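Please consult the sequence and the model while reading.

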Amino acid sequence: MKTTVFAFHPHLNDGSKLNRALAQVAQEAGFEVRDEYQLYPDFKVDVKAEQEALDATDQIVLQFPIYWYQVPPLLKQWFDDVLEYGWAYGSTGNALQGKKLLLAPSFGAQEADYTLDGRFQTTVEEVLKPIETIRFHTGLELMKPFVTTGVLGLTDSAITKQAEAYVARLSEN
Ligand SMILES: Cc1cc2nc3c(=O)[nH]c(=O)nc-3n(C[C@H](O)[C@H](O)[C@H](O)COP(=O)(O)O)c2cc1C
């Protein structure tokens, strides 16, 4: 089974700590990692190239930091452009049917902040829900997400540990 990581971080190689570490270990472990912001700095997504990359894989990993309780803007653009009617959904749109979808979001804030009566009065599950709902149009099979919280306070050794856990998750299926 082929797993491909679609990484959406505007500074994957110059500023990111966590997402960079995750992308690096995944690549070293032999997984294809696509640095989407590097591919499309002008947000002009090559729909055909992305659809080909999706066609060629069995497990789609979307790796991204949470920005303002949402996906980064290029990932939103990517959804809008790549998941075309007649390809990803609609009566003839079954290209993603049965493929696995693994979300790998990172949150700067602590897990304790993401409770209904806590600081943000919402949960990690609620934040991810709109993204996960994509499965109903596309037929993607949702995997348990690989979530990192409290990134802003993570030590280097905690990041290394999380990166090891990431590769273990990617290798699971
Ligand atoms: C524009 C922006 C918005 C952010 N919004 C959130 C947010 O809504 N919730 C949160 O927990 N962290 C938020 N963060 C923190 C990022 O999620 C965090 O810096 C990122 O996951 C760390 O990963 P990195 O080391 O790969 O950059 C935000 C950061 C930026 C730059």
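Q: Which residues line the largest pocket of this predicted model, and how do they divide by class?
A: The model is predicted. The lining of its largest pocket includes E111, Y114, T115 and V124, then E125, L128, K129 and E132, and finally K144, P145, V147 and T149. Sorted by class, this lining comprises 5 nonpolar, 2 polar and 5 charged residues.

Q: Which residues that line the second largest pocket are closest to its centre?
A: The lining of this pocket divides into 9 nonpolar, 6 polar and 1 charged residues. Of the 16 residues in that lining, the closest to the centre of the pocket are H9, L18, S106, V151 and L152.

Q: Which element gives the largest share of the largest nonpolar core?
A: This core has 33 residues, and F8, L62, F64 and W78 have the most contacts inside it. Two or more residues each come from helix 3 (47-55), strand 3 (59-65), helix 4 (73-82), strand 4 (100-106) and helix 5 (124-132). The largest share, 5 residues, is that of helix 4.

Q: With which residues is F64 in contact, leaving aside its neighbours within four places in sequence?
A: F64 is among the residues with the most contacts inside the largest nonpolar core. Beyond its neighbours within four places in sequence, F64 is in contact with F8, N19, V71, P72, L75, L103, A104, P105, S106 and I131.

Q: Why do the buried residues of helix 4 line one face of the helix?
A: The buried residues in helix 4 are L74, L75, W78, F79 and V82. Viewed down the axis of helix 4, these residues fall within an arc of 145°, and they therefore line one face. An α-helix has 3.6 residues a turn, so residues three or four places apart point the same way. The value that places the buried residues of helix 4 on one face is thus the arc of 145°.

Q: Which elements do the buried residues of helix 4 pack against?
A: The buried residues concerned are L74, L75, W78, F79 and V82. They pack against strand 1 (3-7), helix 2 (36-39), helix 3, strand 3, helix 5 and helix 6 (134-138).

Q: What classes of residue make up the lining of the largest cavity?
A: About 70 Å³ of space lies in this cavity. Its lining consists of L54, I60, L62, W78, F79, L83, L96, L101, I134 and L140. Strand 3 and helix 4 are the elements that give two or more residues to that lining. By class, there are no polar and no charged residues, and 10 are nonpolar.

Q: Which exposed residues does helix 5 carry on the face turned away from its buried side?
A: In helix 5, the buried residues are V124, V127, L128, I131 and E132. They cover an arc of only 135° around the axis, so they lie on the same side of helix 5. The face turned away from that side carries the exposed residues K129 and P130.

Q: Is Q121, which has a positive phi, buried or exposed?
A: Most residues other than glycine have a negative phi. Q121 is not a glycine, yet its phi is about 50°. Q121 lies in the loop between strand 4 and helix 5. With a relative accessible area of 58%, Q121 is exposed.

Definitions and conventions: Residues are numbered from 1 along each chain as its sequence is written. This is a predicted model: local features need pLDDT of at least 70, side-chain atom pairs count only at pLDDT 80 or more; totals for chains, interfaces and linings use all residues. Side-chain values use heavy atoms; hydrogens and water are left out. On a 1 Å grid over the protein atoms alone, a cavity is a set of points where a 1.4 Å probe fits but cannot get out, and a pocket is an open set with protein on both sides within 12 Å along at least five of seven lines; lining residues have an atom within 4 Å of a point. Ala, Val, Leu, Ile, Met, Phe, Trp, Tyr, Cys and Pro count as nonpolar, Asp, Glu, Lys and Arg as charged, and the others, Gly among them, as polar. A nonpolar core is a set of buried Ala, Val, Leu, Ile, Met, Phe, Trp, Tyr and Cys residues joined through side-chain atoms within 4.5 Å. Buried means under 20% relative accessible area, exposed over 50%, partly exposed in between (1.4 Å probe, protein chains only). Helices (H or I, at least four residues) and strands (E, at least two) are DSSP runs, numbered from the N terminus. Contact means heavy atoms within 4.5 Å. The arc is that of the directions from the helix axis to the C-beta atoms. Grid points are joined across faces, edges and corners, and a volume is the space filled by probe spheres set on the points.
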